[in-house]
Amino acid sequence: MLLNHLIQSLRQPDHWLYGSWLDTAIRYRRMRLGLLWLLVPTAVYIWGIGGFLASMQPGLDASRFLAHVALGFAVFRMVSAVMTDSTSVFSGFQYFIYDGHLRLTDYILRNLARSFYYFLLSLPLVLAAAIASPDFTPGGLPLATLGLAVVLVNLFSFSVLLGLAGARYPDLGELMGSVMMAAFLVTPVVWYPAAVPADSTAGLLMRANPFHHLLVAVRAPLLGETIDPASWLYLPILTVAGLAAAALAYRGCARRVAAWL
């Protein structure tokens, strides 16, 4: 059922593809800088927070660290936005769902596409920081692109599960905000994975954290960072298990969403 609806949504992208762009453009159209405001958080985080943290660590190569932070922040920001917004994705389109003309996957893809636009619009600054690093590896772009595809597939699965759970339990949105704040601390966005011993509690938490492996899949190929062999096993299992769980949940709960709302 999920696969069938997803294929139909991909064949008819007029609602989610165009609608997600309108969500982005309308939000900033009355501002003087318009969509350029989307670059401000990225710039502040990379050269503001990243630069401040780099200055606190004597002997640290700032250009390498800023590239690490830039790619990590861009990916984690997209992941966090999708995870948080997914909990209310159906309630936000309640009356459209009552109308019954669109599939639930249209709303999932609309939410995912909106966050992906933010990611794409931040890329000029992210790539500027990455290229400034002596570790930047252009040859890693194909593998990083594949890693980004894996991230998007997993975000789709997470969105289905969280969307259905959020329709049933509206309080989930409040909880997810706190969960993502905690996830940020155990995900190597502003610190290096090598800084945490593998046999320590923090190391175990980091390696059990799916966001760490998703982030590494995009960042490591571009910066020549070593990919933990565990990630090569973790990511396929996470992707397959996530899709299976999403398909089962969608099959059993999709018809109840309208009643839950």
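On a 1 Å grid over the protein atoms alone, a cavity is a set of points where a 1.4 Å probe fits but cannot get out, whereas a pocket is an open set with protein on both sides within 12 Å along at least five of seven lines; lining residues have an atom within 4 Å of a point. Points are joined across faces, edges and corners, and volume is the space filled by probe spheres set on them. The model is predicted, so to speak of local features takes pLDDT of at least 70 and side-chain atom pairs count only at pLDDT 80 or more, while totals for chains, interfaces and linings use all residues. Numbering runs from 1 along each chain as its sequence is written, and side-chain values use heavy atoms, with hydrogens and water left out.

The whole-structure search turns up 1 cavity of 30 Å³ or more. The largest cavity holds about 30 Å³, and its lining consists of Val 75, Phe 76, Val 79, Phe 211, Leu 214 and Leu 215. Helix H4 (62–86) and helix H10 (210–223) each give two or more residues to that lining (helices are DSSP runs of H or I, at least four residues, numbered from the N terminus).

Of its 14 lining residues, Pro 193, Ala 194, Thr 226, Ile 227 and Asp 228 lie closest to the centre. Here H10 gives the most, with 3 residues.
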